[in-house]
Amino acid sequence: MLKILLPTIMLIPTTMLSPQKLLWTNTTTHSLLIASISLHWLLPTHYPNKNLTQWTSIDQISSPLLVLSCWLLPLMILASQNHLQHEPPTRKRIFITTLVTVQPLLLLAFSATELMLFYITFEATLIPTLILITRWGSQPERLSAGIYLLFYTLISSLPLLVTILCLHTHIGTLHLTMLKLSHPTLTNSWTDLLLSLALLMAFMVKAPLYGLHLWLPKAHVEAPIAGSMLLAALLLKLGGYGIMRLTLLTNPIPPHLHFPFLTLALWGALMTSSICLRQTDLKSLIAYSSVSHMGLVVAACILQTHWSFSGAMILMISHGLTSSMLFCLANTTYERTHSRILLLTRGLQPLLPLAATWWLLANLTNMALPPTTNLMAELTIMISLFNWSALTIILTGATTLLTASYTLSMLLTTQRGTLPTHITSMQNSSTREHLLMTLHITPLLLLILKPEMISGMPL
């Protein structure tokens, strides 16, 4: 753990001391090196789990998410270069430092074996995100987006803190392995039912579950590109990871909670997919599609079967890379047209043919075309939900159809049709943007060959 954590923390002096000309080069190279070292976590040497330090360990559930956290930092730095080119050097350094601060917190959150450490790091990721949105967002609405994010997350996580303290007084320890040994910690009494609800609620808001999701599209639309990538690819996964970790403790989840949560998650996936069909803002559309995909993840995590956990894990990683790539593409379009309205950014394929190829690839993975890992994950989740109740196939089937329709509609609107009259010239796409897209799509394509590396199952 230290051989990744220390270089990550050393990124801060790298950022502060690099000469201005080499600032982007040094930080990107340094973070790429950390990302390549972290790939060894995907090897099956940590089955069933491997203690890294006294308070952190790694197993099949945390290893793919740890690697994803390391992989996305260089991509966020790469994506932000154009956005920050007119900022003074000091602000550039502060921006990169804010991005770098999130990574150690995420690494600790995904590998913590002690509930209080997990809670502290889970909450601490909020601070850099809030700074990114409220300081570097481009619209005047960014302050209200920050307030939404802050209050939704804080109000939902206070019951979690109370429950963690309750568990500590009952059992005397918050170490996950000890908690597993002492279960069933929660029985079917009303107080324990409320405790189970409080344990899940913070993660349901973070994931986000439909009905508790209003902060997400607002935060995405107002955030700078790095903020959107961070939210979509990593912070939403904290919600899914938390549900997976803590449902293992409260095993089995009280049956009273199965039905409302599963219904809400699947209904939410259907509703947000249909909301996507009538979005005019490109970023907002991608944000709502994130809510739809994470609805399936929440449903799968609540089921608590091997298949559903495996499907949820693969979908979290695939969605992290896909949605991050879509946000990057939306950002490249925005930087050229200065608009995110779909009607004003249409017909770009003749002008940027190579970017259109990236759009096609990103959209095909988003709509889970075979043989992508997205399809593997969705099928696995649909089968495990069908085993729980045959009626779920209606909701999941309709969601799949709607996902395909809004994704194709997004692709056709942005790439095909007549070019708007106000676009007379456009700068070509740069090597940096192509590198960024390549680093997103390559892991997705390689994982098709060996999906068990991220399936949360022993190899």
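This is a predicted model: local features need pLDDT of at least 70, side-chain atom pairs count only at pLDDT 80 or more; totals for chains, interfaces and linings use all residues.

Trainee: What does UniProt place at residues 1–17?

Mentor: The unreviewed UniProt entry gives the feature "signal peptide" there. Over residues 1–17 the chain is 94% helix and 0% strand, with its end C-alpha atoms 25 Å apart.

Trainee: At what angle do the axes of helix α1 and helix α2 cross?

Mentor: The axes of α1 (residues 2–17) and α2 (residues 23–38) cross at roughly 180 degrees and come within 10 Å. Angles over 145 degrees count as roughly antiparallel, and α1 and α2 are therefore roughly antiparallel to each other.

Trainee: Which residues in α1 and α2 meet?

Mentor: Among them are I4, P7 and L11 in α1, and L23, H30 and I34 in α2. The residues of this contact divide into 7 nonpolar, 8 polar and no charged.

Trainee: Changing topic, what is the volume of the largest pocket?

Mentor: Its volume is about 540 Å³. The lining has 29 residues, and D59, Q60, I61, K180 and L248 lie nearest the centre of this pocket. By class, the lining comprises 13 nonpolar, 13 polar and 3 charged residues.

Trainee: And which element gives the largest share of the lining of the second largest pocket?

Mentor: That is α14, with 4 residues. This second largest pocket holds about 420 Å³ of space, and its lining divides into 6 nonpolar, 9 polar and 5 charged residues.

Conventions:
Residues are numbered from 1 along each chain as its sequence is written. Side-chain values use heavy atoms; hydrogens and water are left out. Axes are lines fitted to C-alpha atoms, for helices over the stretch in contact, and angles run from 0 to 180 degrees between N-to-C directions. Helices (H or I, at least four residues) and strands (E, at least two) are DSSP runs, numbered from the N terminus. Angles under 35 degrees count as roughly parallel, over 145 as roughly antiparallel, 65 to 115 as roughly perpendicular and the rest as oblique. Contact means heavy atoms within 4.5 Å. Ala, Val, Leu, Ile, Met, Phe, Trp, Tyr, Cys and Pro count as nonpolar, Asp, Glu, Lys and Arg as charged, and the others, Gly among them, as polar. UniProt positions are given in the numbering used here, feature names are shortened, and annotations may be inferred rather than shown by experiment. On a 1 Å grid over the protein atoms alone, a cavity is a set of points where a 1.4 Å probe fits but cannot get out, and a pocket is an open set with protein on both sides within 12 Å along at least five of seven lines; lining residues have an atom within 4 Å of a point. Grid points are joined across faces, edges and corners, and a volume is the space filled by probe spheres set on the points.
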